[in-house]
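Have the viewer open as you read.

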Amino acid sequence: MKRVLVVGAGKGGTALLTLLGGTEMMEIVAVVDTKEQAPGMQLARREGIPTGTDWKRYLNQDVDIVIEATGDEGVFEELLQARSKKTVVIPGSVAYITSELLEEKNELLSELKRQTHKQELILSAIHDGMIVIDRSEAVTFMNRSAERILGTTRKEAMDKPIHEIIPTSRLSHVLRVRRKEVNQKLELENGRKIITTRIPIIGSHQEVLGAFAVFNDITEVVDLAEEVTDLKEVKTMLEAIIHSSEEAISVVDENGMGIMINPAYTRITGLSEKDIVGKPATADISEGESMHMRVLQTRRAVRGVRMSVGPSNKEVLVNVAPVIVDGKLKGSVGVLHDVSEIRSLTSELRKARQIIRSLEAKYTFDDIIGDSPEMTLALEQAKVGAKTPATVLLRGESGTGKELFAHAIHNESNRRHNKFIRVNCAAIAESILESELFGYEEGAFSGAKRGGKRGYFEEANHGSIFLDEIGELSLPMQAKLLRVLQENEIVRVGGTKPISIDVRVIAATNVKMEKAIMDKSFREDLYYRLNRLPIFIPPLRERNVDISSLVYHLIHKINQDYGRNVNDISGEALHYLEQYNWPGNVRELENIIGRAMIYMNMNEEEVKLSHLPELFEHPKNPVLKEGPSKEWEGQTLQQSLEDFERKVIKEAFRSCEGNKTKTAKALGVSIRNLYYKLEKYGIDKTSMQDFS
């Protein structure tokens, strides 16, 4: 690389600087001019090239070429005198002529590149494929159409032998014999059929430089010819399909004249071909406008339009679609459905859905509303239990949502695709409960069905059975249920052969089971079988922080049931609800919200305090009771309940001498729930001595 010093930064120096800056063979050491603001000096500083006003200080920096661009002969003479022997001094005029020649050369090269690029663009844009090889049979060019037809890319094909790209190519033969081949048919490996012309490339001295082929994909043309050949067979086949269809079909042309109907159309409408074919599309209409004519006018399909057709005014549902070929409207096709058949099928579907709903769980954990710690704990226990086959015992007051938990546990388990059977043990008479649960054999009792009947446990095999109100079972039934849980088998009424079952039992009760065991009304051994995974569902009064989210959920649900558009509740009304004790739990809350929305005007969108009914024993209307009572100190009902709960738990904990298991049993809560309460209220053995 030559080191260059430019002396003079005027117009000529600036031009030389621009030209030399684009070459890789020369490095500009510095630009010198007596004027600091000369254009060449400013350009050099922008490019990061050193500048100065005295050229003498740069001659000792191993400079190979000095270009004098000042036009001053005195400066040129001084440079000649001061240079070293190896340094060449070029006058500005010579340098300028040289720069002009170099610039002209660059322009010629750029023009050549533009022309070459333009030719490649033209060749790549043509629809015909083109491929070029050199004298060594290697691919040197391929356009986009060739890429599309051959199924390869230019990058993959370049410099590779032609036989690797097109094994059946005859370009190498054309290269050798120096004769062109015109309109030759060739089938490629990818199944495409092409017509190709191959031409050798001959130089000015008659030497062979290569060869090229131009080809066109005729696959679609050949396929179309084959389709045209079989058109009559296809038409016959389509007519056979239409005539054998159970759907009533009618076809009209672009002018709305009937072309074809099938026998199903005649069966529904009572109209034959002579009534429709060659007649206007309105010929079959007894009421309403023709959907064929609407589709022909709008070029858009119509769906599910009710109409009356034929002499008997048959009510039908009509679907009509346009027939468009190559962007041109050729007619329309209509399909008719008998409304009476649809009604019958809808009724059957409704019945089937009712049966399915009785055999499946409808709710998931997403349907259970609540973010309070108590509800979060219950949900976590239920989700853990759902992943195991263990028996679950749901405990809680009436209306807390035990059945929702049962549904959710089944849907979260690996049994969710099997049946979910619900049994209310308190709603079935004791005399038939055994036969309902376990089934019966033929002749087991008078009125028994022939062949016997399967019970709920057999119906729920490989699924889940939800036994609600389990605490209402009689002692004999408890003994039989205990055997089912222990042995995983049942015996039908009147039968002797055990039947093995695989059923997940989810039980629920609002009875205090420990008290029932003490009263001898519930078997202790059955209790321990059912209590494998107890889940305590807190009453609403213990989780009043959930009331807000529950209210909005219930408003949305009741909107759908009653067709209302309520979307909010006032802060005053919500505060009123949060102060109530809710003995009926969520069921009572739903009742109150539903009653309020029923009496609201249709245009009202917010539940207000005036819409809510009076609540029994609500702080707003307290019921006076006899006997002395402590003066109210301004705390909320929830605070009062929590203070009382803390005192009860602390007293029970002290009475049981700090034994948590005994305390939980005495209070009728789970040990896990007791741990939560102790932590919530900061109760431990050391705090018992502070009790007062």
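First, the ground rules. This is a predicted model, in which local features need pLDDT of at least 70, side-chain atom pairs count only at pLDDT 80 or more, and totals for chains, interfaces and linings use all residues. Residues are numbered from 1 along each chain as its sequence is written, and side-chain values use heavy atoms, with hydrogens and water left out.

**The chain.** The protein chain holds 27 helices and 25 strands; these are DSSP runs numbered from the N terminus, with helices being H or I of at least four residues and strands E of at least two. Of its 692 residues, 40% are buried, where buried means under 20% relative accessible area with a 1.4 Å probe, protein chains only. Among contacts (heavy atoms within 4.5 Å) with a separation of 6 or more, 58% are between residues 24 or more positions apart.

**Thr509.** You'll find Thr509 in strand 22, residues 504-509. Thr509 is buried, at a relative accessible area of 1%. Its side chain reaches the backbone nitrogen of Val511 at 3.0 Å. Beyond neighbours within four places in sequence, Thr509 is in contact with Leu393, Leu394, Arg395, Gly396, Lys402, Ile470 and Gly471.

Two packed helices are described by the angle between their axes and the distance between the axes. Here the axes are lines fitted to C-alpha atoms over the stretch in contact, and angles run from 0 to 180 degrees between N-to-C directions.

| Pair | Angle | Axis distance |
|---|---|---|
| Helix 25 (637-655) and helix 26 (660-667) | about 130° | 9 Å |
| Helix 25 and helix 27 (671-681) | roughly 115° | within 11 Å |

So helix 25 is oblique to helix 26, while helix 25 and helix 27 are roughly perpendicular. On this scale, under 35 degrees is roughly parallel, over 145 roughly antiparallel, 65 to 115 roughly perpendicular and the rest oblique.

Helix 25 passes helix 26 in a right-handed crossing. Val648, Ile649, Ala652 and Phe653 of helix 25 meet Lys660, Thr663 and Leu667 of helix 26.

Helix 25 passes helix 27 in a left-handed crossing. A crossing is left-handed if the near helix is turned anticlockwise from the far one by less than a right angle, and right-handed if clockwise. Glu642, Glu645, Arg646, Ile649 and Phe653 of helix 25 touch Leu674, Lys677, Leu678, Lys680 and Tyr681 of helix 27.

Key:
Buried means under 20% relative accessible area, exposed over 50%, partly exposed in between (1.4 Å probe, protein chains only). A polar contact is a pair of N or O atoms within 3.5 Å; within protein, one must be able to donate a hydrogen and the other to accept it, and residues adjacent in sequence count only if both atoms are side-chain atoms.
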